[in-house]
Every structure is written in C-alpha cells, then in structure tokens.
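Here are my notes on this structure, as numbered points. Please read them with the model open.

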Amino acid sequence: MKTVRVWDVPIRLFHWLLVLAIIGLFTTGKLGGNWMQWHERIGYFVLGLILFRILWGVVGSRHARFSNFVRGPKTIFGYMKAFTKKDAPHYLGHNPMGALSVVAILLVVGFQAVSGLFADDDIMLRGPYAAAVGTDWSSLITKLHKWNSDLILILIGLHVAAILYYVLVKKDALIKPMFTGEKPNIGGQFEANTPEISRPYWVLMIVLLFVATVVYLVTNRFF
C-alpha cells in the first residue's frame, strides 16, 4: 500500500522526547531527594519542548500547524457522532477529537512547566521565581503544581486509551507513523507529498535558537 508523508522529523522528535521527559519528571518526583535536581532540569527541558511545539504549530509543517487540525465545536461534535461508524471521515493528520487531546496535553504540561518556576517544596527544590511571587502565592502554585500532575496522568490515560481504540477497533495506524512519519494512503484518497509537508531547515534553526534563548533567560532569572 502506498503511503503519504504526514509527520516531519521535528514533530516526531518532539512527541517522543516529551514522552521520555514526562516519564523522567514523574520518576524523579517520586524518588525525591537529590533526584529533584534532575526533576528541575527536565522541567526546564519540557518548558522548551512546549514552547517549541507552540511555535512549530504556527510556522511548522502543514500537519503540525494548529490551523490545520484545530476545529470548531460544530466539526468536533459532528465527528464525535460519526466516529464509531464505518463511513466516519478519515483525517490524514489529527482528527477533531485528537486535536482536543493535543491542545489539552500542551496546556496541562505547559502549566506544569511554568508553575514549577514559582513552586517551592520547602525541602529540596525552589523555582527560580518563587521568591518573586512571595510565600503565599508560591505555596498556592506549589499545590496546583502537585494537583496538575494528577490531571496529566488522567489525560495520558485517556490519550493512550483513544490510541488503542483507533488501532485495535478502527484499524487506523497511529503509532507507526510517529516513528516513520508516513501513513497508509488508503484508496489514494489523500494528496501526494508536497513541499509544505516539511519546512526549510533555516526555519527550524531559528525556532530552536529562539526557544533555547528564552529557556536560558528564564532559568537564569533574566525576567
């Protein structure tokens, strides 16, 4: 079966690096002690990943752009009504429900990374801006940071369950394309590859340089 390119290398790397980073955050958070230093470093890395995905969602490849897959309530509810049927619409990139999952994960993981900058556990870890917001606000943000970690687990569970449903029930390959970048072009219904599938390397380099600069400035309290 012929395939069509969907996910570029930056999106695939972002996806799997975020998976590994979240595993690292939960592991180091549970271990505590000196591991919290690594928890902080991985948190900064996640901050960079989220910032990169937001920018790449604006200037990146076709299927990475938010304008390509984020849809309105009418389309979302219409897809929800039809997605269990055999003739449900098939999307090459994110479908409307998958788009909700992507946005939700970016929001909650992004909040986790940002809130960590202001958190203070009074033991091993203090965010670089905890003192700037004061004890009361830092204490509140620390609680929200901990509660939000449970929300992340819930969203990850729903995300994995949805993937398994699509793979096992709807026979829609979702996992392999995140490694290869290509999906089966069932019945030739999707257009052939075009230059918009990928972006010039200079665009990627500018985005990465901007992200690295922002993260450096944030972690070194330049703001």
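A nonpolar core, as used below, is a set of buried Ala, Val, Leu, Ile, Met, Phe, Trp, Tyr and Cys residues joined through side-chain atoms within 4.5 Å. Buried here means under 20% relative accessible area. The model is predicted.

1. **The largest core.** The largest nonpolar core has 38 residues. Leu-18, Val-46, Phe-52, Trp-56 and Val-109 touch the most other members. Which elements give two or more residues to this core? They are helix 1 (9–31), helix 2 (35–59), helix 5 (96–116), helix 6 (130–168) and helix 8 (201–219). Helix 2 provides the largest share, eight residues.

2. **Leu-18 within that core.** Leu-18 is one of the residues that touch the most other core members. Setting aside residues up to four places away in sequence, Leu-18 touches Val-46, Leu-49 and Val-109. Val-46 and Val-109 are themselves on the list of core members with the most such neighbours.

3. **Overall layout.** The chain has eight helices and two strands. Read from the N terminus, the order is β-α-α-α-α-α-α-α-β-α. The C-alpha trace spans about 60 × 40 × 30 Å along its principal axes.

4. **Burial and contacts over the chain.** There are 223 residues, and 39% of them count as buried. Take the contacts with a separation of 6 or more: 71% of them join residues 24 or more positions apart.

5. **Surface and charge.** The accessible surface comes to about 13400 Å². Carbon and sulfur atoms hold 69% of that surface. The chain carries 22 positive and 12 negative side chains. The centres of these two sets lie 9 Å apart.

6. **Gln-112: buried or exposed?** Gln-112 sits in helix 5. Its relative accessible area is 11%, which is under 20%, so Gln-112 counts as buried. Its side chain makes a polar contact with the side chain of Asn-148, at 2.9 Å. Beyond its neighbours within four places in sequence, Gln-112 is in contact with His-145, Asn-148, Ser-149 and Ile-152.

7. **Asn-148, the partner.** Asn-148 belongs to helix 6. Asn-148 counts as buried because its relative accessibility is 8%, under the 20% limit. With residues up to four places away in sequence left out, Asn-148 touches Val-108, Phe-111 and Gln-112.

8. **Ala-113, next in helix 5.** Ala-113 is also placed in helix 5. Ala-113 is buried, with a relative accessible area of 11%. Which residues does Ala-113 contact, leaving aside its neighbours within four places in sequence? They are Gly-43, Val-46 and Leu-47. Val-46 is one of the core residues named in point 1. His-145 is among the contacts of Gln-112.

9. **Ser-61, a buried loop residue.** Ser-61 lies in the loop between helix 2 and helix 3 (66–69). Its relative accessibility is 1%, so Ser-61 falls under the 20% limit and counts as buried. What does the side chain of Ser-61 make a polar contact with? The partner is the side chain of Asp-8, at 2.7 Å. Ser-61 and Leu-204 are 143 residues apart along the chain, and their C-alpha atoms are separated by 10 Å.

10. **Asp-122, in another loop.** Asp-122 is found in the loop between helix 5 and helix 6. Asp-122 is exposed because its relative accessible area, 68%, is over 50%. Asp-122 and Ser-139 are 17 residues apart in sequence. In space they are 9.4 Å apart, C-alpha to C-alpha.

11. **Asp-136, in helix 6.** Asp-136 lies in helix 6. Asp-136 has a relative accessible area of 68%, so it is exposed. The C-alpha atoms of Asp-136 and Gly-116 are separated by 15 Å, and the two residues are 20 apart along the chain.

Notes
Residues are numbered from 1 along each chain as its sequence is written. This is a predicted model: local features need pLDDT of at least 70, side-chain atom pairs count only at pLDDT 80 or more; totals for chains, interfaces and linings use all residues. Side-chain values use heavy atoms; hydrogens and water are left out. Helices (H or I, at least four residues) and strands (E, at least two) are DSSP runs, numbered from the N terminus. Buried means under 20% relative accessible area, exposed over 50%, partly exposed in between (1.4 Å probe, protein chains only). Contact means heavy atoms within 4.5 Å. Accessible areas come from the Shrake-Rupley method with a 1.4 Å probe; for residues, only the protein chains shown count as cover. Lys and Arg count as positive and Asp and Glu as negative; His and the chain ends are not counted. The place of a charge is taken as NZ of Lys, CZ of Arg, CG of Asp or CD of Glu. A polar contact is a pair of N or O atoms within 3.5 Å; within protein, one must be able to donate a hydrogen and the other to accept it, and residues adjacent in sequence count only if both atoms are side-chain atoms.
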